[in-house]
Amino acid sequence: MKKWIIPSLLSVLMLTACMQGNDTENTAYDLRKDTMNPNYMSNSVNQDVGPMSDQNPNFLNLRGTRMNDASNRNNTGRDIDIARDIVNDTGHFRSESIWINNAGDRMTVTVDTRGGLNGRDRDVAIAKLRTKLQQSLPRYTFEIRER
């Protein structure tokens with residue numbers, strides 16, 4: 001028992017000596033009492049965090065997939081539908097497949113000729129189709145392929 005009295009007294013003295021200068025009221029920085037520097041920190045919460053699909057990259061981003069969705073995302077499905085309608089509205093062509101490359105600046109349109117157009121008339125009809133597509137969807141460059 002006497003063996004434990006001296007080490008325990010030494011440990012109590014060491015612990016009280018270490019706590020001597022730990023005065024957090026006077027030494028810690030308090031932002032509320034700081035009058036010399038402007039207060040740049042705020043606790044206001046930004047409520048505009050967007051939908052949950054914008055926060056996690058593993059979720060599908062479904063913004064801009066509806067017809068009347070007012071989002072800032074380019075809706076490529078709607079652009080493909082517009083291009084398909086333009087091709088089908090011409091009397092000479094029918095749309096086969098329409099693709100947009102990964103960069104989103106080039107659209108490949110594969111068309112099928114409905115009637116028998118000879119070489120010169122077919123070139124004129126393709127040029128008219130290209131200008132109609134370019135006027136309605138100016139963000140794309142078009143490659144028109146015939147089948």
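Me: Which residue forms a salt bridge with D81, and how far apart are the closest N and O atoms?

Reply: A salt bridge is called when a side-chain nitrogen of Lys or Arg lies within 4 Å of a carboxyl oxygen of Asp or Glu; here D81 forms one with R84, the closest N and O atoms being 3.6 Å apart. Please keep in mind that this is a predicted model, in which local features need pLDDT of at least 70 and side-chain atom pairs count only at pLDDT 80 or more, while totals for chains, interfaces and linings use all residues. Residues are numbered from 1 along each chain as its sequence is written, and side-chain values use heavy atoms, with hydrogens and water left out.

Me: Where do D81 and R84 lie, and how many salt bridges does the rule give?

Reply: Helices (DSSP runs of H or I, at least four residues) and strands (runs of E, at least two) are numbered from the N terminus, and D81 and R84 both lie in helix α3, three residues apart, about one turn of the helix. As for cover, buried means under 20% relative accessible area, exposed over 50%, and partly exposed in between, with a 1.4 Å probe and protein chains only. D81 is partly exposed because its relative accessible area is 35%, and R84, at 30%, also counts as partly exposed. The count by the salt-bridge rule comes to eight.

Me: Which residue forms a salt bridge with D112?

Reply: The partner of D112 is R94, and their closest N and O atoms are 2.9 Å apart. D112 lies in strand β2 and R94 in strand β1, so the pair ties together parts that are 18 residues apart in sequence. R94 has a relative accessibility of 37% and therefore counts as partly exposed. A further case is E143 with R145, whose closest N and O atoms are 3.0 Å apart; E143, at 25% relative accessibility, is partly exposed, and R145 is partly exposed at 44%. Salt bridges that share partners also join R94, E96, D112 and R147 into one network.

Me: In which sense do β1 and β2 pair, and in which sense do β2 and β3 pair?

Reply: Two strands are said to pair if DSSP finds at least two bridges between them. β1 and β2 pair in the antiparallel sense over seven bridges, with S95 partnered by V111 in β2 and S97 standing opposite T110 in β2. The hairpin of β1 and β2 has five residues between the strands, and in it G104 takes a positive phi near 80°. β2 and β3, in turn, pair in the parallel sense over six bridges, and there the bridge partner of V109 in β3 is I144.

Me: How many of the eight residues of β2 are buried?

Reply: Six of the eight are, and the strand is mostly covered. T108, which lies in strand β2, counts as buried because its relative accessibility is 14%. Contact means heavy atoms within 4.5 Å, and, not counting residues up to four places away in sequence, T108 touches S97, I98, W99, E143 and R145. T110, also in strand β2, is buried at 10% relative accessibility, and with sequence neighbours up to four places away left out, T110 touches R94, S95, E96, S97, R145 and R147.

Me: Which residues have the most contacts inside the largest nonpolar core?

Reply: In soluble globular proteins, nonpolar side chains tend to be buried together. A nonpolar core is a set of buried Ala, Val, Leu, Ile, Met, Phe, Trp, Tyr and Cys residues joined through side-chain atoms within 4.5 Å. The largest one here has 18 residues, and those with the most contacts inside it are F93, M107, V109, V111, L129, L133 and F142. At least two residues of this core come from each of α3 (76-89), β1 (93-100), β2 (106-113), α4 (119-136) and β3 (141-146). F93, leaving aside its neighbours within four places in sequence, is in contact with residues including V87, V111, R122, I126 and L129.

Me: Which residues make the nonpolar surface patch?

Reply: Patches are made of residues with over 30% relative accessible area and no salt bridge, like charges being joined within 9 Å and nonpolar side chains (Val, Leu, Ile, Met, Phe, Trp, Tyr) within 5 Å; areas come from the Shrake-Rupley method with a 1.4 Å probe, and for residues only the protein chains shown count as cover. In this model, I5, I6, L9, L10 and L13 make a nonpolar surface patch of about 520 Å². I6 lies in helix α1 (residues 2-18) and counts as exposed because its relative accessibility is 57%.
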